[in-house]
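Please examine the model displayed here before reading on.

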Amino acid sequence: MLLALTVQAPGAAADDAVVCGHRVQGAILAKYQEMGGESSPLGCPKTDELTTPNGVGRYNTFVGGSIYWSPDTGAHPVWGAIGDKWGTLGWEAGYLGFPAGDELANPDGAGRRQQFQGGTVYWHPTLSNGAHAVSGNIGWVWGAYNWESGAFGYPTSDVYWDKENKESYQKFTNNKNLRIFSNPNGNGVEGCERACAGYYGVVGDGPGDQATDLINETRVEIPLQDWNTKFVIRAWPTLKGRAASKADYKAGWDQMMSRVPTPWAMTPTMQSSLYKQFACHAVFSVPNPTKPGEWLGGPSWDLESWRSDVPWTTALNPLRNSKCNWD
């Protein structure tokens with residue numbers, strides 16, 4: 001029976017060793033030894049130390065994974081589902097870049113995460129539908145709601161491109177009908193004319209949902225240039241919702257807000273103004289007499305956080321606010 005031996009190469013320095021017939025060196029060797037060497041989950045190396053294709057970093061491949069090093073990030077192991085996902089995204093040549101930390105346990109004790117230069121990959125054995133990277137403005141919004149421990153939960157998809165809205169979005173586990181989006185150029189709607197991010201919740205896919213719901217979709221848009229003070233809530237009411245909200249503002253408002261987490265910048269004054277804007281849209285939502293099937297004011301009710309909290313008599317005054325855009 002042949003034994004895998006770890007020996008120092010003749011004349012080699014202490015940071016240069018031959019392990020299971022392959023050379024491991026420098027910071028990669030130090031990380032490997034820190035992890036337990038051959039007895040670690042990595043096991044024996046399968047290659048000598050190699051240079052990454054971009055010429056910047058170094059790596060060794062092992063039976064159980066790899067260790068990658070770059071001058072900016074140091075040496076870190078990559079393995080398992082997180083390593084596999086990183087590989088599908090182009091390894092260090094992809095947008096994630098080199099690993100910037102070791103794999104870590106999440107606060108729930110079950111999930112795992114690893115940080116890379118361009119984002120973080122998360123995995124949970126039952127909640128995440130595999131491993132998925134979270135980065136950029138989507139990651140920024142997600143982090144503002146306490147990452148996987150917050151309102152959205154674990155990512156359950158990679159990032160998709162929404163061709164119609166010209167934005168990227170990602171799904172999360174706590175509500176399969178809730179998405180986080182990033183729109184790099186804006187969508188031309190007030191508050192989101194330029195780069196914006198946010199989230200939206202759509203009607204569920206259960207039996208009868210379309211028939212019983214008042215709001216098809218709620219969308220919170222955050223202009224990145226004013227992210228801590230401004231946001232827009234856009235609601236798409238159903239035909240039933242338009243009628244019901246005229247008689248009961250609160251029913252429509254509550255369902256609109258139930259689709260999404262409360263915007264982090266919302267103050268009591270903002271909420272009062274937004275509620276009055278919602279009521280205003282409901283009251284003045286009437287069919288377009290010249291375009292059958294369309295509504296005056298458009299298909300959505302857009303509520304802007306920066307509008308002042310006016311009295312109800314002002315908010316519902318048809319001579320002043322039939323478009324519900326005071327200020």
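Predicted model: local features only at pLDDT ≥ 70, side-chain atom pairs only at ≥ 80, totals over all residues.

Me: In what order do the four strands of the open sheet lie, and which strands are at the edges?
Reply: The four strands of this open sheet pair in an antiparallel manner, in the order 4-5-6-7. An edge strand here pairs on one side only, and the two edge strands are strand 4 (50-51) and strand 7 (74-78).

Me: Leaving aside its neighbours within four places in sequence, with which residues is T61 in contact?
Reply: T61 belongs to strand 5, which spans residues 58-62. I138 is 77 residues from T61 in sequence and 32 Å from T61 in space, C-alpha to C-alpha. With neighbours within four places set aside, the contacts of T61 are P45, K46, T47 and S66.

Me: Which residue of strand 18 is the bridge partner of V232?
Reply: Strand 17 (residues 232-237) and strand 18 run antiparallel, with four bridges between them. In strand 18 (residues 301-304), W301 and L303 point one way while D302 and E304 point the other way, and all are buried. The bridge partner of V232 in strand 18 is E304.

Me: Which element gives the largest share of the largest nonpolar core?
Reply: This core has 32 residues, and those touching the most other members are F152, I180, Y199, F231, I233 and M256. Elements giving two or more residues to the core include helix 3 (136-144), strand 14 (178-183), strand 17 and strand 18. The largest share, four residues, comes from helix 7.

Me: Which residues does F152 touch, not counting residues up to four places away in sequence?
Reply: F152 is one of the core residues that touch the most other members. F152 also belongs to a cluster linked by ring pairs, whose members include W142, Y145, F172 and Y199. Beyond four places in sequence, F152 touches W142, Y145, F172, T173, N174, L178, R179, I180, Y199 and P261.

Me: Is the ring pair of W142 and F172 stacked or tilted?
Reply: The aromatic pairs come to 22 by count. In the pair of W142 and F172, the ring centres are 5.7 Å apart and the planes meet at 35°, so the pair is tilted. W142 in helix 3 and F172 in the loop between strand 13 (167-171) and strand 14 are 30 residues apart. W142 is buried at 1% relative accessibility, and F172, at 2%, is likewise buried.

Me: Is W264 buried or partly exposed?
Reply: The rings of W264 and Y145 have centres 5.6 Å apart and planes at 50°, so this pair is tilted. The two residues are 119 residues apart, Y145 lying in the loop between helix 3 and strand 12 (160-162) and W264 in the loop between helix 6 and helix 7. Y145 has a relative accessible area of 12% and is buried. At 29% relative accessibility, W264 is partly exposed.

Me: Over which ring does the charged end of K230 sit?
Reply: R219 lies over the face of F181, 3.9 Å from the ring centre. The charged end of K230 is 5.3 Å from the centre of the ring over which it sits, that of W306.

Key
Residues numbered from 1 in each chain as written. Heavy atoms only, no water. Contact = heavy atoms within 4.5 Å. Buried < 20%, exposed > 50% of the residue type's maximum accessible area, 1.4 Å probe, protein only. Pairing = 2+ DSSP bridges. Core = buried A, V, L, I, M, F, W, Y, C linked by side-chain atoms within 4.5 Å. Phe/Tyr/Trp six-rings, centres within 6.5 Å; stacked < 30°, edge-to-face > 60°. Lys NZ or Arg CZ within 6 Å of the ring centre and 35° of its normal.
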